[in-house]
Amino acid sequence: MAAQLYRTHTGKLFHAGSIVIINVGLPARGKTHGSRSLIRYMNWLGVKSRSFHMGQYRRRLYGTDISADYFDLGNADTAAARTRAEDSCIQDIIEYLTTGGGQLAIFDASNLGAARRRHIRDTFEAHQIRPLFIEYICENEQIVDENIRKVKITSPDYITMDPDTAVSDFKTRIARMAPYYETIDDGDLSYIKLFNVGEHLVVNNIRGYLQSRVVFYMMNLHIAERTIYLARSGESSNEGSYKSDAPLSAAGHMYAQRLRDAVIRRIEERNRHVLEKTGVDISDRTLKVWTSTGVKSYQTAEYFASSGSVSVRKRMLLRGLNPGMCENLTLSDVKARFPDEYRSYLRDPYHHRYSLAESYHDVSVRLEPVILELERERDDILIIAPESALRCIYAYFAPQGLPDSLIPTLAFPRSIFVELTPTAYGCKERRIGVSPNGR
Amino acid sequence: SRYLAWLGVNCRVFNVGEYRRKLVGAKLDHSFFDPHNAAAVDQRLQCAVSALQDMLRWFEAVHSGVAIYDATNSTRSRRKKILDECTRHGVEVMFCESWCDDSELVEANIREVKRTSPDYAGVQDLASVMEDFRRRINHYSEVYEPVGGDGTRPLAKGSYPLPPASPTIEEYDERLVSYVRKINVGSQMVINRITSYLESRIVYFVMNIHIAPRSVLFSRHGESMYNLDQRLGGDPSLSPNGHKYARALPVLISRLLGDQPVTIWTSTLKRTSETVAGLPYKKMQWKALDELDAGLCDGLTYEDVEREYPEEYAMRDENKFEFRYRGGESYRDVVLRLEPVIMELERQQNIMIISHQAVLRCIYAYFLDIGPEELPYLKIPLHTVMKLTWTAYGCDVQMYKIDIDAVDTHRAKPKSVRRSARKGRAGTGSCPSSAPSRPLSTGTP
């Protein structure tokens with residue numbers, strides 16, 4: 001599944017125009033996690049997107065030390081303050097989508113009242129922005145409690161409080177808002193109702209390609225924790241050539257062995273750690289290895305096939321970037337022989353396509369099914385692929401704000417492999433050494 | 001099933017109506033479907049069970065795949081029976097419900113589709129067909145229980161109870177079952193407990209298809225300079241005849257489509273955009289529509305390939321669908337990368353695609369349900385526009401040849417394939433004979 005590969009004259013993709021996603025739901029329902037994940041996916045596809053979090057606007061205008069009355073939605077005195085904060089956020093969104101170059105924005109607030117929602121919808125539509133509501137409903141008290149513990153009490157609002165006080169304070173906040181919560185009931189609106197993090201969805205009036213992609217993505221989202229490892233394929237006997245699809249060199253074989261040892265060692269270390277901390281034995285969890293169909297990649301992966309609870313899967317989509325006319329040329333060769341192409345490449349390294357070659361954007365687009373399956377997976381996954389494919393996969397999990405132009409230069413030397421643990425508020429990253437003697 | 005099969009998933013449809021037609025014939029009036037007609041109810045159950053048993057036998061034979069059990073399945077007890085049988089045989093179940101309460105839509109459907117159904121073949125009087133069919137629908141409505149209830153979802157408090165191990169019909173809770181409900185042809189959808197990537201892909205597909213009438217047109221680029229030489233790949237311009245074709249296209253297209261709008265999709269290679277230069281419609285380029293990459297053989301003529309890579313040349317003829325050029329692609333690879341194009345095609349209205357021989361073979365095979373053995377040998381001649389129109393029971397294609405000379409680039413499958421005992425270049429090409437990489441995994445291999 002892939003993004004369309006053209007830009008219209010407005011600089012936007014898909015001819016889809018601008019879209020604002022308006023979150024609806026009580027606190028601790030996973031709105032922010034869902035929003036950040038969606039933004040990450042959209043940006044990676046090439047759709048310029050940003051999330052606008054109401055809490056931040058509130059803190060900026062009024063600080064963190066505000067009276068609990070602010071969250072009492074029946075309180076008329078604080079209503080003006082709340083509206084001012086929301087309107088400020090909405091104005092920023094409109095600016096981002098009209099003149100700021102953005103195509104998709106998320107208005108991450110509770111938006112509990114139906115009348116106010118219709119007003120917000122009208123405001124956006126007046127600027128030719130298409131609204132899509134996503135309502136996060138959680139019927140499972142356990143999930144809500146876990147959210148509060150994991151996420152809310154580390155927010156700036158509670159950083160100075162002790163955890164138990166923070167939890168009860170937060171629950172009070174929710175309880176005060178609950179009576180004003182009107183679930184979406186308007187068949188004219190475009191909306192997605194998400195129940196229990198993707199267990200059940202109701203989708204209404206979804207128009208357009210981009211909106212249906214949002215629905216597809218939300219279907220695949222979950223909040224279980226698992227780890228993703230990224231490792232480079234071993235060195236081949238003909239490194240400069242893509243077309244020759246050469247097998248591993250002797251050094252490549254040695255690397256593959258050391259990689260296998262290093263990864264297994266790391267997994268055992270983590271299993272021990274989890275056992276100590278929580279008493280749970282996860283040593284029988286499967287590690288899934290995904291590798292490319294290129295010879296050097298699956299030869300590297302073969303070293304894992306003999307280990308017990310490991311399964312290896314070859315995927316054509318994980319192949320490296322096809323260099324086309326730059327086959328067997330170094331960057332300085334290209335600069336010397338094709339100076340125009342080189343200049344064009346420098347202007348936009350991520351999107352530039354040499355003759356008969358792929359661009360990094362093409363590779364990202366090609367990798368989308370892999371990314372979506374990665375999102376769905378609850379098992380740990382190790383990806384063994386050429387550096388160009390790893391760059392695009394890493395870029396998906398990288399912190400917001402990594403510019404496209406840096407992606408072609410990200411380094412994945414064979415001296416390390418990367419461990420990524422996506423969490424609600426970001427992705428934890430570690431680089432772990434692959435060497436003859438361990439760390 | 002066409003979509004899944006095209007992506008390489010084993011797929012089979014088991015249509016209970018077909019079983020009924022075989023058992024009791026086609027010319028039945030609506031009273032056969034009356035739930036109070038005890039004898040008929042028995043026969044209908046027999047058909048349902050027979051189809052179910054065939055389906056389970058099919059699963060045992062293929063080990064992994066997707067079966068579509070196509071029937072009305074309107075009652076909870078019927079659905080529970082299916083679910084129990086499948087679970088007993090280790091088969092996962094997902095229900096796909098189509099719900100329509102827009103009476104205009106229903107009328108239009110009855111008119112268009114059922115008029116051509118085998119059940120009414122030869123019946124001339126349209127009014128009586130419509131009336132009989134409406135009565136048939138009423139019989140079903142009497143006993144219809146939508147999946148998971150009436151569509152409203154009561155908000156449960158607390159955590160979900162574990163499902164009882166073998167529920168009775170009273171305990172059978174469809175909120176715990178995988179299902180998707182499409183309402184009024186897509187204005188609303190309900191998606192429940194989708195558990196695997198394959199299921200989510202199926203749901204995405206179901207979300208994107210529509211039944212509004214529209215046309216899809218295909219053509220190859222005009223004859224190119226490389227075509228004249230029988231040369232593979234590259235990025236050549238059009239030959240003089242190719243340019244003539246480009247000039248002749250606008251008249252043909254406006255004849256085929258009249259005033260209707262159409263969007264044109266081309267590849268990023270020159271020869272396709274040169275072909276559409278004279279067309280006044282909206283145009284978009286897709287890299288996914290670029291020709292199959294011949295890797296090391298790019299730019300060579302077929303004679304060159306036979307001379308320099310004899311091993312490759314012979315291997316390709318042995319299994320043209322799976323064969324992957326060294327450093328290039330196979331037909332299977334092209335199918336994989338075309339999936340987004342196909343999905344977008346399903347969503348769109350009128351589209352015209354200008355692309356290349358191998359790519360068009362794959363797209364054509366998708367719409368006409370053609371398998372991998374035949375696909376690489378499909379005839380897609382130059383200077384010909386193909387128009388697809390849909391009916392509910394299939395897809396029609398019409399060919400419009402423009403009378404401008406072009407070389408024939410079609411190579412038939414050889415009668416016998418000779419492989420020389422002498423090995424060519426070490427490890428040239430690749431023709432995996434065991435379990436090629438599949439785009440979708442349907443569980444354990």
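Which helices and strands of chain B do the buried residues of H3(B) pack against? They pack against strand E1 (11–15), helix H2 (16–24), strand E2 (66–70) and helix H4 (76–88) of chain B.

## Basis of the model

This is a predicted model, where local features need pLDDT of at least 70, side-chain atom pairs count only at pLDDT 80 or more, and totals for chains, interfaces and linings use all residues. Residues are numbered from 1 along each chain as its sequence is written, chains are lettered from A and ligands numbered from 1 in the order in which they are written, and side-chain values use heavy atoms, with hydrogens and water left out.

## Chain B overall

Chain B has 14 helices and 11 strands. Helices (H or I, at least four residues) and strands (E, at least two) are DSSP runs, numbered from the N terminus. Of the 445 residues in chain B, 48% are buried. Buried means under 20% relative accessible area, exposed over 50%, and partly exposed in between (1.4 Å probe, protein chains only).

Take the contacts in chain B with a separation of 6 or more: 69% of them come from residues 24 or more positions apart. Contact means heavy atoms within 4.5 Å. The accessible surface of chain B is about 21500 Å². Carbon and sulfur atoms hold 51% of that surface. Accessible areas come from the Shrake-Rupley method with a 1.4 Å probe; for residues, only the protein chains shown count as cover.

## Helix H3 of chain B

Helix H3 of chain B covers residues 38–62. Its 25 residues should span 36 Å at 1.5 Å a residue, and its end C-alpha atoms are 37 Å apart, which agrees. The expected span is 1.5 Å times one less than the number of residues.

The buried residues of H3(B) are Ala40(B), Cys47(B), Ala48(B), Ala51(B), Leu52(B), Met55(B), Leu56(B), Trp58(B) and Phe59(B). Just after H3(B), His63(B) has a positive phi of about 70°.

## Salt bridges

Side chains of opposite charge can pair when their charged atoms come close. A salt bridge here is a side-chain nitrogen of Lys or Arg within 4 Å of a carboxyl oxygen of Asp or Glu. The count is 39 salt bridges over all chains. One of them pairs Asp290(B) with Lys287(B), with the closest N and O atoms 3.5 Å apart. Asp290(B) is buried at 9% relative accessible area. Lys287(B) is buried too, at 16%.

Asp304(B) and Arg307(B) form a salt bridge of 2.9 Å, N to O. Both lie in helix H11 (residues 302–308) of chain B, three residues apart, so about one helical turn separates them. An α-helix has 3.6 residues a turn, so residues three or four places apart point the same way. Asp304(B) is buried at 16% relative accessible area, whereas Arg307(B) is exposed at 57%.

Arg332(B) and Glu322(B) also meet in a salt bridge, 2.8 Å from N to O. Arg332(B) sits in helix H13 (residues 331–347) of chain B, and Glu322(B) in the loop between helix H12 (310–318) and H13, so the pair ties together parts 10 residues apart in sequence. Arg332(B) is buried at 11% relative accessibility. Glu322(B) is buried at 12%. Elsewhere, salt bridges with shared partners join Glu107(B), Glu131(B), Arg134(B) and Arg135(B) into one network.

Ile39(A) lies in helix H1 (residues 31–45) of chain A. Its relative accessibility is 4%, so Ile39(A) counts as buried. Leaving aside neighbours within four places in sequence, Ile39(A) contacts Ser49(A), Arg50(A), Ser51(A), Leu104(A), Ile106(A) and Gln400(A). Ile39(A) and Leu26(A) are 13 residues apart in sequence and 21 Å apart in space, C-alpha to C-alpha.

Ser244(A) lies in the loop between strand E7 (228–232) and helix H8 (250–278) of chain A. With neighbours within four places in sequence left aside, Ser244(A) contacts Asn238(A), Glu327(A) and Arg326(B). Ser244(A) and Val295(A) are 51 residues apart in sequence and 9.8 Å apart in space, C-alpha to C-alpha.
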